[in-house]
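Subject: Structure handover

Hi,

Here is the structure I promised to pass on. Have a look at it first, and then read my notes below.

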Amino acid sequence: MTKVFGPAEAIKTVVRDLRSNKPSSSGPSKRKRSKTSSNNILSKVYGAQYTGKGVKSITMMPKEILNDCDRRIGIAISEDIAATVHDLATVLENVFYKKCESQSQRNTDLWKGIQLLKDIVTLLNVEGGQVALGCFKENKVVNAEMFDMFGGVQIVVEILLRMESNPVNKKSKEADWRRKLTHACLDTLHHMCLTLHVDVAVPLSKQDDLIFYLFSLMAEKSCFLRAATLLEDVLGVRKTMLKLESIPNLHKLVESFDEEQMANFCRVLSIAMSDLDPGDDGNTLQAQDQASRKKVGVPISETNQGILIELPHFLKKIVRIAVKEIDGSMPPSLPEVFSEIEGWVTWLDSSLAFDPLMDIDSELDDSMVDQPLDFQSLALPQSIKRMHELVYKVEVLYVLCLLLSGKQRNKVHTEVSSHKLMPGLNRLFDRVIWRCNLRPFHRQSGHLENCECSPEVALKIQFLRLIHSYCDHHHNKYLIMTRSEIQEVTRISVSLGLPVADEVKNINKSLLCTGKKGLLTKVIEAMKRSTVESHFRFWLGRAVESFLRGKTSVIDQTFILKKRLLEHLISHMIDNDVKSKEILQSSFDLLAELMKFNIKAFERFEKCTSQEGLDKFMSMVNKNLVDSNMFIRCLLLTLERIEREDVHNLEFALTKSRLLMHIHDRKTRVGFLKKLINIIHVEILTQENVSCLNTTIILLMFAQRSGELSVYLKLLREEEQNNCRPGFILHNFRQLLFFWQDHYLHKDKDCTALEKSSNISFSVWKEMVSGLTSNDTTSPNTLAYYLKQDNLLDDDVAME
């Protein structure tokens with residue numbers, strides 16, 4: 001709430017005092033204020049500290065205080081909300097603290113509590129707004145602020161927790177009323193979180209007793225959706241990650257879930273398994289490294305993933321949900337109901353709660369209250385049911401991605417593969433994933449046609465992310481092929497005179513995709529059909545690239561080259577004005593993996609590219625070095641391999657391949673070197689641009705092999721001198737190399753990916769960087785030699 005000075009601030013103090021004390025046994029409504037008592041609320045607060053007999057309810061506050069609050073906020077509602085909070089406190093006391101009430105009176109109080117909470121929810125959804133304290137506020141926001149200020153949120157929480165600690169016979173009438181009161185409490189807290197966001201959600205996220213109770217409520221099918229929704233509200237803003245091991249009887253809870261519940265539960269799990277947002281600076285490698293080294297022990301996210309993996313049948317269940325077809329055929333267009341939804345992102349964020357479900361659930365008669373809430377049986381439009389299935393399938397795919405990227409990915413790989421994840425996804429691809437192009441709905445201002453807030457778009461992207469996570473640096477990647485495609489890979493191996501890879505030769509054919517085309521082929525075909533600026537091109541390219549990543553395989557490259565993907569990529573980049581940097585980067589990265597060490601790929605490039613096309617292509621390379629540096633590295637590595645090992649292809653490289661001839665020129669290499677060093681600094685290094693630093697190291701590594709390292713360093717210094725800026729290249733480069741050592745040589749860093757992608761032993765990488773950063777000022781092969789000449793070495797301090 002906007003800060004209110006004077007007496008209103010004192011009200012908050014009283015509310016905090018109230019929150020730490022349960023209602024008195026005599027009941028707050030029976031207290032009477034003395035006409036001679038002081039109206040100074042601060043005096044009452046101080047008096048309470050000494051005597052313990054101070055203000056304990058809203059009704060004991062002087063009316064002048066409430067009127068002053070009315071005047072300052074600009075509305076005449078504070079007394080109504082204060083009275084509602086008071087009545088809720090009375091319900092809390094009568095039901096859970098008084099022992100002499102009759103059963104009928106207790107049921108009456110429970111019914112009253114339900115009605116009061118429904119009234120609050122109505123106030124939290126009221127339309128309109130007004131100027132309060134000099135600024136415009138929506139009425140529902142003002143109402144929520146007032147309810148929270150008077151201690152309403154904590155009273156609702158206490159009602160919930162008291163129902164847990166004071167159980168009754170589940171078959172009794174009171175149990176039915178308690179269940180409905182629980183629903184009303186969950187609805188109220190959820191709407192408070194939606195209206196005031198972190199102001200309410202953050203304090204709730206610190207209450208472990210509430211969180212554990214919400215998990216226990218998920219075992220009750222009539223409460224499941226509401227409890228799961230509120231859990232998502234509070235866990236999403238929690239500062240510390242929840243430890244799943246602390247949740248009582250988690251294994252029994254999860255085992256009791258049906259598919260519908262498990263799918264929705266994945267939305268909660270995605271929060272408990274993901275690393276927390278590190279903040280604005282968290283994307284830089286420097287910030288990530290510093291944060292990582294402050295952590296002690298095993299990260300909670302890893303522990304949580306390990307717990308889930310060990311839960312009986314957990315992986316089997318989510319694989320079954322992931323590959324399950326969406327009921328019925330997808331509609332050709334979105335029904336009118338979605339074109340009327342103004343806030344799609346808000347709807348999607350709270351889709352777990354799904355208001356139609358809440359409304360129907362609240363209207364169920366008492367005889368149905370214990371029955372499972374079967375989404376498919378509800379009288380809702382079929383399109384809404386399908387949209388719900390889209391939403392929860394996205395969450396399931398996301399959880400699978402997290403598990404396949406975690407520390408126990410090999411174990412996860414083995415199990416999900418045994419449950420035939422890839423054949424299931426392959427069937428899903430044609431029937432759902434690439435058919436759910438629904439009519440655009442009404443979007444919020446600034447949202448594009450392919451905005452990820454659309455559930456069908458989010459499903460496609462998460463599907464492609466899962467393929468990427470599954471294939472990335474793992475031998476199980478061949479399971480995304482069919483039997484006939486595996487046979488084709490074997491034939492390619494024989495035709496090239498190469499041995500068939502063990503992971504291909506020993507593959508479990510029963511786990512392969514079925515039909516004529518596997519997932520890899522379908523993704524390639526989808527990419528070739530996609531439009532120039534399609535939002536999916538990035539993820540389609542990433543999925544294919546992940547199959548090629550790791551130790552370069554000419555067999556895998558040949559399989560994809562035969563599908564003419566290289567020609568498509570070149571045409572797409574040269575013939576179209578591609579503005580998306582993400583699409584450009586994924587295209588360059590895919591080209592690099594497709595062409596690296598592969599002469600046939602370079603021959604294909606020559607055949608499909610005119611001189612004008614090549615000039616345009618190289619212009620794109622030079623203008624987008626961060627995005628294209630992996631392709632530059634591909635050219636360097638390929639030429640170096642030819643010069644050292646494949647000399648029979650040297651004539652082609654130096655006389656026919658315009659790409660390799662271009663990168664062979666020293667002037668070109670030095671030009672790339674200068675630009676790459678100048679566009680990165682330690683403070684801005686991220687996972688996306690650190691590859692630029694690795695490419696500069698490879699450039700100088702090959703210069704050293706040819707005996708020209710000192711020449712390259714000298715040319716860099718001359719560039720500095722010509723610009724009258726001594727050290728602006730070499731000093732920055734030395735700092736970058738110190739960071740490289742600090743980043744890559746740390747004990748928790750796995751550098752096998754760097755080693756495999758370059759085919760250069762990591763010991764060679766370490767030796768190269770160590771030589772460049774040496775303090776030997778007598779060797780022209782060190783950066784110190786040139787910095788010393790400009791009196792810059794003393795200011796260049798290595799990272800600790």
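Let's start with a charge over a ring: Arg 641 lies over the face of Phe 597, at 4.0 Å from the ring centre. There is another such arrangement where Lys 180 sits over the face of Trp 177, 5.4 Å from the ring centre.

Before you go further, keep in mind that this is a predicted model. The protein chain has a mean pLDDT of 81, with 77% of its residues at 70 or more.

Now the aromatic rings. The structure holds 14 aromatic pairs. One of them is Phe 429 with Phe 463, a tilted pair at 5.8 Å centre to centre and 55° between the planes. This pair links distant parts of the chain, since Phe 429 is in helix H22 (residues 421-433) and Phe 463 is in helix H23 (residues 455-471), 34 residues apart. Phe 429 has a relative accessible area of 1%, so it counts as buried. Phe 463 is buried too, at 0%.

Tyr 785 and Tyr 786 make an edge-to-face pair, 4.8 Å centre to centre with 80° between the planes. Are these two buried or partly exposed? Tyr 785 is partly exposed, at 27% relative accessible area, whereas Tyr 786 is buried, at 5%. You'll also find a cluster in which ring pairs link Phe 215, Phe 224, Phe 257 and Phe 265.

On to a couple of helices. H7 covers residues 152-165, and its end C-alpha atoms are 20 Å apart, which agrees with the 20 Å its 14 residues should span. This helix is mostly covered, with 10 of the 14 residues buried; among them are Val 156, Leu 160 and Met 163.

Leu 160 and Met 163 turn up again as contacts of Thr 182, along with Leu 217 and Cys 223, leaving aside neighbours within four places in sequence. Thr 182 belongs to helix H8 (residues 173-196) and is buried, because its relative accessibility is 5%.

Last, Met 620 in helix H32 (residues 611-623). Met 620 is buried at 11% relative accessibility, and leaving aside neighbours within four places in sequence, Met 620 touches Met 573, Leu 584 and Phe 588.

Cheers

Technical notes
Residues numbered from 1 in each chain as written. Predicted model: local features only at pLDDT ≥ 70, side-chain atom pairs only at ≥ 80, totals over all residues. Heavy atoms only, no water. pLDDT = per-residue confidence, 0-100. Helix = DSSP H or I, 4+ residues; strand = E, 2+ residues; numbered from the N terminus. Buried < 20%, exposed > 50% of the residue type's maximum accessible area, 1.4 Å probe, protein only. Contact = heavy atoms within 4.5 Å. Expected span 1.5 Å × (residues − 1). Phe/Tyr/Trp six-rings, centres within 6.5 Å; stacked < 30°, edge-to-face > 60°. Lys NZ or Arg CZ within 6 Å of the ring centre and 35° of its normal.
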